[in-house]
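This report looks at how the parts of one protein chain meet. Please have the sequence and the model open.

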Amino acid sequence: MRHSFLMGCVVVLAAFMANAQPKPTPRQLAWQPLETTAFLHFTVNTFTDKEWGDGTESPAIFNPTKLDARQWIKALKEAGFKMAIITAKHHDGFCLWPSKMTEHSVKNSPWKNGKGDVVKEVSDACREFGLKFGVYLSPWDRHEPRYGTAAYNDYYKSQLRELLTNYGPVSEVWFDGAKGENAKDMTYDFAGYWALVRELQPNAVMFSDAGPDVRWVGNEAGNAGETCWSTINTEGLAPGVADSKYLNRGDAAGKQWVPAETDVSIRPGWFYHASEDTKVRSGKNLVNLYYQSVGRNSLLLLNVPPNREGLFSEPDLASLKEFRSILDETFKTNLVAKQPKLTDKKLATFTTLSANQPLVIELGKEAEFDRISIQENIANGQRIASGRVEYWNGSDWQPLQTFTTVGYKRLLRFPAVKSTKLRLFINNANGSVELAEVGVYKASSRE
Ligand code: FUL
């Protein structure tokens, strides 16, 4: 009697603790499985060969005579990208749309005789090809005279309003943290900016070093932490004010769900430079970035900068194509014998596992493999802290790989082995594990 009462208390307490753990909002849950998303860095810098413009650029230099946003978005679609985020305004303050708030925009450029709108062309192309659409609106502005005064917050909000009301659904708003010398006197009203986004585009996720929905991964090298929690404590963090190591790993005890987004460029710079045409990452290199981001519970935001003509360049197009072709080949056949819960590609159907309870994964027949994919049902939070995989060598279980966090997806890479079955153990977890998917694969020889 007493025993069962105590057990009851334990069960209730465990359920309470699991409920108290941070969980994604519907907008975060819709964002995470996008996996591969694209950044489009394009502005006056493309024409001045700079990375950061100083705000004195003349709109007259902006003239991408062959601009074709459909070419960009079609290439991204074919390479499996699910969203594109355009630099509507970078630090130089030049606007790629004809903002009513400033003369410093496409409307005073020779491109389309000042009648063009890059933001519209990109959002239309995204709609046509079925990609989600996002905007980057740099808070740091080196052109606008109001910058540094409270009036700039109104200017910035009016621009946000234009972008969030005139271009259809916006799925992500990117708040960059970079600041230079003239940023010292500026107090940004982030609370006000964020409230406006919620009001105008309630389904959009907002990115910054501090969230509120998705966070910076802490570097621009395409490297999420080997351990990467979707939870952090946002207290004391602000865009441009964060510990990059903390953001890279996340925090097992974090109170907010703010998953990591891995932004990295296909070229050394963020903007197009002809001198970097020979330095474009190969398809194979991009696949490695996929393992280091998506395969570590993050999301890849790959920058592909259009050139001065307003087109993706040949080397970039070739790498994007090769990237998807390799991934498709590697992940084509899941060697795990079909199981209703673990191989149905649905996170919502899962197997519950507790620490050190072995889960045998049958392949049905002997197969050679060198990649494993593990996923948790993140709708209920992130629980796995560490685990291990063993394989059956015909007479014994042999150690194969250890891992730390899993979350949305963990990809393991190891030298190929042949076996008929594997065994998965969770070593440590923040509560009962909801194991959603397991995949076993033989990688493409092009990896
Ligand atoms: C940084 C900016 O300073 C870079 O120019 C680039 O836009 C990158 C994505 O974010 O903070």
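How many Å separate the centres of domain 1 and domain 2, taken over C-alpha atoms? The answer is 34 Å.

## Model and domains

This is a predicted model: local features need pLDDT of at least 70, side-chain atom pairs count only at pLDDT 80 or more, and totals for chains, interfaces and linings use all residues. Residues are numbered from 1 along each chain as its sequence is written, and side-chain values use heavy atoms, with hydrogens and water left out.

The protein chain splits into domain 1 (23–330) and domain 2 (340–441). These bounds come from an automatic or database domain assignment.

## Contact and buried area

Domain 1 gives 22 residues to the contact and domain 2 gives 20. Contact means heavy atoms within 4.5 Å.

The two domains bury about 1800 Å² between them. Of this, 55% lies on carbon and sulfur atoms. Buried area is the accessible area (1.4 Å probe) that two parts lose on being put together, summed over both. Within domain 1, Trp229, Tyr291 and Asn297 lose the most area to domain 2. Together they make up 30% of what that side buries.

## Salt bridges

Two salt bridges are counted between domain 1 and domain 2. The term means a side-chain nitrogen of Lys or Arg within 4 Å of a carboxyl oxygen of Asp or Glu. Arg410 forms a salt bridge with Glu226. Their closest N and O atoms are 2.9 Å apart.
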